[in-house]
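Here is a short walk through a structure that may be new to you. Have the sequence and the 3D view open as you read.

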2 protein chains.
Amino acid sequence: MFELNSRDPRPIYEQIMEQLRKYLMTGVISENEKLPSVRELSQSLTINPNTIQRAYRELENQGYIYSIPGKGSFAASRADISDQRKAKILEEFETSSRELLFLGETAESLCKKIQSFEKDRKKM
Amino acid sequence: MFELNSRDPRPIYEQIMEQLRKYLMTGVISENEKLPSVRELSQSLTINPNTIQRAYRELENQGYIYSIPGKGSFAASRADISDQRKAKILEEFETSSRELLFLGETAESLCKKIQSFEKDRKKM
DNA sequence: TTAACTGTATTAAATGTGTTGATACAGTTA
DNA sequence: TAACTGTATCAACACATTTAATACAGTTAA
């Protein structure tokens with residue numbers, strides 16, 4: 001389910017966070033679904049449990065997952081994702097949009113891309 | 001002109017890169033305009049010249065600026081920005097757009113934002 | 001030509017972050 | 001009770017970032 005890319009310069013815990021977000025968005029993981037345990041995932045990826053723990057802790061802070069001691073970690077509902085996290089994504093959206101416009105992309109071409117992203121979502 | 005934010009967790013050289021890109025996009029710095037020299041900027045920011053040098057080196061690799069030994073560093077034209085850099089920005093745009101759609105934003109609301117960004121540009 | 005600028009390169013040391021490893025404690029479940 | 005869960009802590013190591021001190025070469029103006 002989870003995979004690591006040794007060429008990726010980002011920290012391992014960030015790679016895991018990104019993959020889990022992606023699985024949530026694409027429906028590979030559903031709301032309230034149980035995630036692999038810290039130890040289980042650390043064994044299957046051959047990395048230290050502390051690294052998984054860090055990824056899970058930050059994902060919980062951002063509202064993507066919730067953990068119950070003794071039971072496990074679970075995917076949260078998208079309504080639980082923190083406003084702080086949403087604000088950060090909006091900022092990335094604004095920054096990249098403005099730079100693409102600066103580079104010559106038109107508003108129309110960017111809007112078309114967004115509409116095609118939306119179509120991808122509806123296929124699920 | 002340039003400022004550092006000690007609360008910003010990003011490396012200093014990245015903060016400088018982001019500010020220069022922003023100044024280029026907003027027209028604060030024009031094409032072929034001379035930038036502060038490595039030593040000058042390092043003194044005004046009270047940081048090591050090597051850190052400025054690194055920011056300038058990477059900005060040059062991405063095509064945002066060009067340097068002439070003995071003369072100085074200058075803002076490049078937007079046409080010189082590397083395709084690799086453009087591809088990276090497009091990727092950030094796609095990632096943030098898809099996640100915002102997942103979080104409930106509509107394609108229409110995102111397109112409206114882009115159109116307002118475009119209006120901001122035309123005011124310059 | 002000299003002096004004072006420019007960019008660039010190199011090496012070493014200090015610091016912070018990411019990661020590992022080992023260990024421990026408490027709650028849950030069969 | 002045994003085997004799971006999450007969580008916490010500490011020490012050690014690797015690596016990236018930053019500083020510091022120099023050095024060299026091209027440009028420019030006095």
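Which residue with a positive phi follows H4(B)? That would be Gly104(B), with a phi near 110 degrees. Before going further, some ground rules: this is a predicted model, where local features need pLDDT of at least 70 and side-chain atom pairs count only at pLDDT 80 or more, while totals for chains, interfaces and linings use all residues. Residues are numbered from 1 along each chain as its sequence is written, chains are lettered from A and ligands numbered from 1 in the order in which they are written, and side-chain values use heavy atoms, leaving out hydrogens and water.

**Chain A at a glance**

Chain A has five helices and two strands; helices here are DSSP runs of H or I with at least four residues, strands are runs of E with at least two, and both are numbered from the N terminus. Starting at the N terminus, the order in chain A is α-α-α-β-β-α-α. Its C-alpha atoms fill a box of roughly 50 × 30 × 25 Å along the principal axes. Of its 124 residues, 41% count as buried. Buried means under 20% relative accessible area, exposed means over 50%, and partly exposed lies in between, using a 1.4 Å probe and protein chains only. Take the contacts in chain A with a separation of 6 or more: 46% of them join residues 24 or more positions apart. Contact means heavy atoms within 4.5 Å.

The expected span is 1.5 Å times one less than the number of residues. Among the buried residues of H4(B) are Arg85(B), Ile89(B), Phe93(B) and Phe102(B). The cover over the buried residues of H4(B) comes from both chains, including helix H1 (12-26), helix H4 (83-102) and helix H5 (107-122) of chain A, and H1, H3 and H5 of chain B.

H1(B) has 15 residues and reaches 21 Å from first C-alpha to last, close to the 21 Å expected. Its buried residues include Tyr13(B), Gln15(B), Leu20(B), Arg21(B) and Met25(B). After H1(B) comes Gly27(B), with a positive phi near 85 degrees.

Most residues other than glycine have a negative phi. Here are two that go the other way.

| Residue | Phi | Place |

Asn32(A) counts as partly exposed because its relative accessibility is 48%. Thr46(B), at 71%, counts as exposed.

**A few residues up close**

Gln62(B) sits in helix H3 of chain B and, at 18% relative accessibility, counts as buried. Its side chain makes a polar contact with the side chain of Arg21(B) at 3.4 Å. A polar contact is a pair of N or O atoms within 3.5 Å; within protein, one must be able to donate a hydrogen and the other to accept it, and residues adjacent in sequence count only if both atoms are side-chain atoms. Leaving aside neighbours within four places in sequence, Gln62(B) is also in contact with residues including Met17(B), Asp80(B) and Arg85(B).

Not counting residues up to four places away in sequence, Leu41(B) touches Phe2(B), Pro36(B), Ile52(B) and Tyr56(B). Leu41(B) and Phe2(B) are 39 residues apart in sequence, and their C-alpha atoms are 8.1 Å apart.

Asn5(B) lies in the segment before H1 of chain B and is partly exposed, at 39% relative accessible area. Asn5(B) and Gln15(B) are ten residues apart in sequence and 8.2 Å apart, C-alpha to C-alpha.
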